[in-house]
Amino acid sequence: MVMAVPGSERFSSRPVDPAELAAQLPESLPVHTVTQEQIDALDPLTYEVVRHRLWSVTDEMGEALKRMSGSPIVTDANDFDFAVSDELGQEVQVGLYNTMLVGAVDLAIYWTLQHRATNPGIAEGDMFLTNDPWVGGGLHQNDAMVYQPVFTDGKLFGWTSAIAHQPDLGGVGLGSFSPAAQDVFSESLPTPPIKVVRDGVLQDDVADVWVRRSRVPMMIGLDLRAKVGANTVGRDRLLAVIEQYGADTVKAVMKRMMADAESRLRGKLTDLPDGTWHATGYQDQSHTGDRGLHKITVAMTKSANHLTFDFTGTDPQSGVVNCTYAGMRGGVMLALLPILAGDIPWSAGGLMRCFDLVAEEGTINNASFPAAVGRGPIGPAWLTGNLVAECLSQMLDQAPDLDAHVQATCCGTWDTAVIAGLDQRGAVPTPFLSIMMDPMAGGYGAQPQADGMDTGGLFCIPLGRVPDVEMTEFLYPVLALWRREEPDSGGPGRRRGGVGASLAITPHGTSFPIGLVLASNGKAVSQNNGLAGGYPGNTGVEWIARDSEVDAMLGAGRLPAGLDEVGGTAELQPCYGETYVAPGEVFTMFWQGGGGYGDPLTRDPEDVVRDVREEKVTAATAEAAYGVVLDGSGAVDAQATDTRRQELKDARRARGPADGTRETIELTDARRLDDNLVAVTLDGVDQVACRHCASVLGSGAVGELDLVRYEGPVTDAGPQVVDGAGDYVDGAVHFRQYCCPGCFTAISTAVVPVDHVDDVTRTSRVLADARS
Amino acid sequence: MTYVIGVDVGGTFTDAVLDDDSGSVIAAKAPSTPPDYSRGVLDVLELLAEQLGRPVEDMLAETHHVAHGTTSSLNALVMRRVPEVGFLTTKGHRDSIFIMNVEGRYLGRSPHELQHVLAQDKDHHLLPKRHALEVTERVDRDGNVIVALDEDEVRAQVRTLQDDGIRAIAVSLLWAFRNPVHERRVRELVAEIDPDIYVALSSEVSPRIREFARNSTTIMSTQVGPGLRDYLTNLETSLKERGLAGPLLVMQSNGGAVAASEAPAQAISTVGSVLTGGVVGSSQLGRRLGHKNIISTDVGGTTFLVGLIVDGEPERDTTTVINHHPINVPTLRVHAIGSGGGAIAWVDAGGNLRIGPHSAQADPGPACYGQGGTEPTNTDANLVLGILPATGLLGGRKALDVEKAREAIRVKVAEPLHLSIEDAAAAIHAAQNAQTGDLLRKSVVEAGHDPREFVLYAFGGSGPAFCAKYATHLGVAEVVVPLGPVASAFSAYGLAASDIALAQELSDPAQLPVDPVRAEKNFAQLEDQVRQGLDRQGLKFDRVEIVREVDMRYAMQLAEVTVPVGDGPLDENAMNAAAQRFETKYAELFGQGSGFSAAGIQAITYRVRGRGVLPFSPELPPLETGDGEPPVSGRRPVYLEIGQGFVDTPIYDYAALRAGHVITGPAVVEVPTTTVVVPEGRTGTVDELGNLHIVKNGA
């Protein structure tokens, strides 16, 4: 537990009860609202027409922001978002860009209503600016939000907002990221809501204070104007809709959109089994020089039509791998929106009513001031989302018709490398500073009916993209030796995890070393977990080949295909560090694929053949992980495959023999629990059985499932997991697998710290009413 | 007599328009004949000749040229019915076409699909990895050869492809547009092994920076090139055998044509032509009617295509999307929005009325087509509302089943919403109007324009029934429904009226100030290529128009904007003027003050467009003038306005209308190919060419 700085708690925004918030507002700020009768009285035609119009307004606002922004993180990587909210800040319609930001927007508006309504007041023609992750609006200080109250007939009608990642807002580190930071005072200054536009006029004094902190003040000034412009578009269009349909009608539609999203999500939840699901994951290293493993743990309880995410037990805040409450909530949204609400309109204000968050203060995903939070979104908030996704997927896997929404964990972070140096290719040498965008091409987790998407992107930024290699080389003095999908990086499974990729660059056109700031995780311990026995995807890894022979090699007409070909000394890079890559050296990044789903020994051999042919899986891994042997023509050798699969099963049996014997059960009326487990009701008591061999593994009357646990070296997971946790952290990491004691099909497979607590054998994990 | 013939080969019908130099125009329609579309072309020419009352040989002997637009290449790509091709690229970068910059996951998907991340996929790769092979070579951004080409390796890779039955190879190497020496050498090496293998080089097909789009453009061009070559060779031979005097021209997506012999090498440039035909037609008609700013809306059974004409010129684009791949091809900008008359109405899990994004497609089509469709579409609603005649479409040739339409609406919309079938149909119609207005607005505003400054043209089978309503949502004052003799073949009319257009481009990215000598050299080289290309068409032009342009961007911003550059020779002033034009246009498109000029401006791609203006411009014949009230052909109850229900409405037969006739809404005009609604409060006037202009009363 960390003691917060006295006085800082005022800035910690939390979700509020709308009625209470409305009651707190001063008389000087009348708000426009409608009654339930007005909402109920909407006819279907008006609702559909105005709903579509509001979508169009939001979309136009986002387009305006994207076009006007000068930040490549916005224009290329799409790390931004925008929203239209009701009078109390509840989000009616949000953009499809960085979905984590959705969890932060309303918090800032609540805070503004609570702390700005009287002094300096909230008036027509105002816009506010904030980058305080405790207040909300963004997940770290680089996320700056500009938002405005929209008035009609003198009443506060609603809000528009635009948020974008800013390339640099000051602080010790380039790009406002300091991998060695111990607290927020080393980072960019968090700015609570300030009025940046009054009466429609951008305030020069406030704007100057804002841009003064940055290493790229002109770009920050441009982005500020872009966000002001986007809000202006939003207000003008919203007022036009109000003029056409009347404020009451438009507001009734807004309220109903949220109520509709809420009721549809609640309806979906109601149909799902009640229960509690757990997931625990890690940040390996918290800052430069750290050798710790930092845990986030979540217990998700679904009861009737409501979810509770309880993060109690999460480790204390540390180094830079912290996020505020807004980050934790954003992390939940990154999972909840696509997994539970892919087919429900994203009226986030309604969706967010369907869950509560429980978390101790001062932890890595609910950090107290003055924790450093620069890595918030890409580290702990992301992990929060992936763990929530893991819980949701466990729950949804039990619903027969929702398996299209189940997914093993995706790539666990955005592997970050900031590059800076001097470009000497032109007539005038020019300094440059940028982030390598390529690691956005991460792999997706596998699904029960589909393999994970290869280099599909980052789950939290549905519309992300990576630049062409030629654009990178045009802009920066580097030569990309390769950028390629990496075979075997997707977690093996009945459905394979999507592969990740790697990049190798060498300086080209500069005589100076290129400075590097590195930040990543998932190197010592897997973050892209498998599901239902599927294996984790690869661990990430970065190398620099010092004093390599790459230049001589190119001159001799050879292009390297791997680090082992370039000579010199290979230097492993930590999760967090500052270093350089000099001319003649090679820097490689290898980022994460997604986790697998189901036991790879149950994968259709023809799918493995296709994977080998398409170079998603090597022939060696086809044999070692999938037990599929190919003949000389690349087709399945059916007999050798049967033999090999039996050998692999026997090896599992040999390493952890099952005690005694167990009964089998008739599976005719079995209900699916996941890819391997089914439930059969016998004499009124649910029995858990193996879908493959019909062995009874447990009963609703018994708290523990009868599974065989095995622990071994991480190399047991396959070549995608690097056996080198000791290079990063002090804690030991191992391979852990639970198998059915009857047929030795994998029920759960993981690469975790040796002291990792799991609940794979907890019967109530799969049977809600089991004795826990 | 001299004729010009336009032939538009669609998936279902092949349309043709013939103009002569005396100002008469005739049109014909024949079924398309896949897989060999040339039979349909010959059929429709026979029909034209029949109408002329002359043997087809006589007609073709007096034909100046045949301009041909075809959807077959596009269909082949979209349906993925293309031969397997090989791909050779720089070692280390083969996976560009598999990583697809990540955006391959979502490019070309609707807003609805964008949100449903878990339902997306990247399974639409252009070719399997075993046909994408790498060669050792490397050029840097300044065109320096960093690693020499390994020729033995190239030979080995080509043989590998050859052994796998590959007969066409796309070659796209990094930075080849800066220095094509390696690509050209690869082509020589392929020819040494087998001169019959079709080879396309990225430095020729698309010499533009950004390897993913260049790779996919080169590959797709390779996929359709050999097929197009075979088809056109065969068709041209058949036409020559029948006595065609002039050349066969092929329409490109840039709105101009090119000689058939030139098309296969640049096969990709012909791919979007069928989509842009409507824009070309609108632009031709707009010139005649004096409209400078036009929103062209082409609404078919399953598609809704939008194009813009601004200040008399169709808006252009440099990139399009096919099968979730970005394709570099100079094109008239056409947005596909919504799904036309086939958009399905449904009630979502929350009990709300929704229109689209799913569409009934051609098969089964709307419920009222009686082809097994059970989902209610906008067409079904229009039938129930009395907008479409119960006697069917195409003058009764396409029967419609009102009962099936009513049943679909009853089950899927009316009962879930507790509405009458008629009220449900009216709600579907109105919601579709409003949403179309929203989507149209998005297209216009995102192109940097104010819809109120435009006239809207509405054509295609489904558009005219609701154009007056979506125009109102858009704030457009005047709607034109192009009718008259070529209404049913508007796109073919555009073909017959088009000129020869060629474009060449080259990326040479550099920060401004660019040495004017370097820029001039780029332009001069491109202009040479364009002029030589025009010479090769074998046609006599009235005049040749050359336009130089450059795509620029702010160094830190993604959006590239195309600006014209004055004729050479270039000096510093001319370059500065181009930069100034870029800044002005950027502000128009993206808002005042949105450009980050402090980061500097970069010139990315140089382009020269050449237009060979043909000495033959078809004129539409005038319509006979009518006086007095237009004759009403009948009356039926039509439900147009929510709250009013069915109103006894006059029906006009278009064939009986004459120039100058004024129709007061509410009214329905029946045309064989479409149905036009003139709503209450609007007036429709027939112009001297037979087009119907719909404006607000008193406007």
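Cys575(A) sits in the loop that runs between β18 (569-572) and β19 (576-581) of chain A. Helices and strands here are DSSP runs numbered from the N terminus, with H or I over at least four residues for helices and E over at least two for strands. Cys575(A) counts as buried because it has 28 C-beta neighbours inside 10 Å. The cut-offs are these: 20 or more other C-beta atoms within 10 Å of a residue's own make it buried, 12 or fewer make it exposed, and anything in between is partly exposed, with C-beta atoms placed from the backbone.

Which residues does Cys575(A) contact, leaving aside its neighbours within four places in sequence? They are Asp284(A), Gln285(A), Ser520(A), Asn521(A), Lys523(A) and Tyr728(A). Contact means that the C-beta atoms of two residues, placed from the backbone, lie within 7 Å. Gln285(A) is 290 residues from Cys575(A) along the chain, yet their C-alpha atoms are separated by 6.6 Å.

The model is predicted: local features need pLDDT of at least 70, side-chain atom pairs count only at pLDDT 80 or more, and totals for chains, interfaces and linings use all residues. Residues are numbered from 1 along each chain as its sequence is written, while chains are lettered from A and ligands numbered from 1 in the order in which they are written.

**Helix α3 of chain A**

Helix α3(A) covers residues 44-68, which is 25 residues. From first C-alpha to last it reaches 36 Å, close to the 36 Å expected at 1.5 Å a residue. The expected span is 1.5 Å times one less than the number of residues. Buried or exposed? For α3(A), 22 of its 25 residues are buried, and the helix is mostly covered.

Helix α8(A), residues 247-270, crosses α3(A) at roughly 85°, and the axes come within 10 Å. Axes are lines fitted to C-alpha atoms, for helices over the stretch in contact; angles run from 0 to 180 degrees between N-to-C directions. The two helices are therefore roughly perpendicular. Angles under 35 degrees count as roughly parallel, over 145 as roughly antiparallel, 65 to 115 as roughly perpendicular, and the rest as oblique.

On the α3(A) side, the contact uses Thr46(A), Tyr47(A), Val50(A), Arg51(A) and Leu54(A). They meet Thr249(A), Val250(A), Val253(A), Met254(A), Arg256(A) and Met257(A) of α8(A). By class, this contact has seven nonpolar, two polar and two charged residues. Ala, Val, Leu, Ile, Met, Phe, Trp, Tyr, Cys and Pro count as nonpolar, Asp, Glu, Lys and Arg as charged, and the others, Gly among them, as polar.

**Contact with chain B**

In chain A, 73 residues are in contact with 69 residues of chain B. Among the elements of chain A that give two or more residues are α3, α7 (217-245), α8 and β14 (478-485). α3(A) gives the most, with 14 residues. The chain A side has 31 nonpolar, 18 polar and 24 charged residues.

**Helix α5 of chain A**

Helix α5(A), residues 102-121, packs on α9(A) at about 135°, with the axes 6 Å apart. That makes α5(A) oblique to α9(A). Val102(A), Gly103(A), Ala104(A) and Leu107(A) form the α5(A) part of the contact. The α9(A) part includes Ala326(A), Arg329(A), Met333(A) and Leu337(A). The contact divides into seven nonpolar, two polar and one charged.

α5(A) also holds Pro120(A). The peptide bond from Asn119(A) to Pro120(A) is cis, with omega near 5°. Chain B has a cis bond between Leu512(B) and Pro513(B), with omega about 0°. Pro513(B) lies in the loop between β23 (500-511) and α16 (516-535) of chain B.

**Elsewhere in chain B**

Asp196(B) is in the loop between α7 (181-193) and β10 (198-201) of chain B. Asp196(B) is exposed, with 7 other C-beta atoms within 10 Å. From Asp196(B) to Arg167(B) is 29 residues in sequence and 7.7 Å in space, C-alpha to C-alpha.

The C-alpha centres of domain 2 (81-221) and domain 5 (634-696) of chain B lie 54 Å apart. Domain bounds come from an automatic or database domain assignment.
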